[in-house]
Amino acid sequence: MARIIAIANQKGGVGKTTTCVNLAASLAAMRKRVLLVDLDPQGNASMGSGVDKYSLERSVYDVLIEACGVADAVQEAGAGGFMVLPANGDVTAAEVELIHADGRERRLRAALGQVQSSYDYILIDCPPSLNLLTLNGLVAADGVIIAMQCEYFALEGLSALLDTIEQVRSSVNVGLEVEGILRTMYDPRNSLTNAVSSQLHEHFGERVYRTVIPRNVRLAEAPSHGVPAMHYDKYSRGSRAYMALAGEMIRRKERLLSPENRGGA
């Protein structure tokens with residue numbers, strides 16, 4: 001069964017969508033079956049994967065309102081080697097339509113349950129806000145990757161997001177956990193970056209990924225070409241960082257499934 005991972009941060013501009021697209025491509029390059037779920041009405045993850053959000057016949061909107069199943073709406077990423085459940089501005093309407101619907105926060109979880117056995121990883125790109133769409137992502141997920149810059153205000157936002165994750169865990173998704181904290185746009189020459197990074201290690205220990213994502217122009221340029229960075233410039237520092245992150249994630253999953261961690265012999 002796929003491990004479902006939401007990539008979240010209520011603060012915009014932290015590299016969340018960049019992480020979702022490039023991590024999906026990196027996991028696919030390691031021969032993992034990957035589905036990227038775009039929950040953001042901006043549809044940036046879809047476009048960055050080579051899926052035209054302006055010509056969609058079906059999207060995650062149709063899945064959320066139960067007009068179709070996930071398998072009927074997914075498309076193949078242009079060059080990434082993974083599948084995409086795309087989004088566009090229509091997804092905003094889903095929030096309004098689901099306000100009074102029964103089980104509105106569980107719609108995505110139920111839909112993904114029908115295809116979970118077809119993938120190794122399902123990555124959910126959540127909107128940069130704590131709304132009903134993000135709630136659907138957190139309720140559907142097994143774990144959350146928190147993408148964040150190492151700056152002062154990011155720590156305040158992290159606290160709010162952790163509170164939300166705890167509320168979801170205590171009420172509707174008891175299995176939800178922080179998969180890891182990913183430091184993005186990382187510049188080791190900046191003293192504040194190093195100070196915040198040290199605080200993260202002090203408070204979260206091994207949940208902070210060893211891999212850091214550097215500031216890299218190739219990561220910024222790739223979306224305009226509709227491809228992940230590794231298919232734009234596979235030798236760039238950004239591409240290599242996401243491959244390293246994918247490897248670290250796979251090793252963590254293997255440890256999680258090892259007999260000693262599952263109570264086996």
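Modeller: Happy to! Keep in mind that this is a predicted model. Let's begin with a pair of residues: Tyr186 has Pro214, in strand 8, as its bridge partner.

Colleague: In which sense do strand 7 and strand 8 pair?

Modeller: Strand 7, residues 177-186, runs parallel to strand 8, and three bridges join the two.

Colleague: How many residues of strand 8 are buried?

Modeller: Five of the seven, so to read the term, take buried as under 20% relative accessible area. Strand 8 spans residues 208-214 and is mostly covered.

Colleague: Now the inside. Which residues touch the most other members of the largest nonpolar core?

Modeller: The general idea is that nonpolar side chains tend to be buried together in soluble globular proteins. Here the largest nonpolar core has 52 residues, and Val37, Leu112 and Ile124 touch the most other members. Beyond its close sequence neighbours, within four places, Val37 contacts residues including Val60, Leu85, Leu108 and Asp125. There is also a second, separate core of 33 residues, with Ala25, Val51, Val84 and Tyr242 among them.

Colleague: What about Gln116: is it buried or exposed?

Modeller: Gln116 sits in the loop between helix 6 (107-113) and strand 5 (121-125). Its relative accessible area is 14%, which is under 20%, so Gln116 counts as buried. Setting aside residues up to four places away in sequence, Gln116 touches Met1, Ala2, Ile4, Ile122 and Asp142.

Methods: Residues are numbered from 1 along each chain as its sequence is written. This is a predicted model: local features need pLDDT of at least 70, side-chain atom pairs count only at pLDDT 80 or more; totals for chains, interfaces and linings use all residues. Side-chain values use heavy atoms; hydrogens and water are left out. A nonpolar core is a set of buried Ala, Val, Leu, Ile, Met, Phe, Trp, Tyr and Cys residues joined through side-chain atoms within 4.5 Å. Buried means under 20% relative accessible area, exposed over 50%, partly exposed in between (1.4 Å probe, protein chains only). Contact means heavy atoms within 4.5 Å. Helices (H or I, at least four residues) and strands (E, at least two) are DSSP runs, numbered from the N terminus. Two strands pair if DSSP finds at least two bridges between them.
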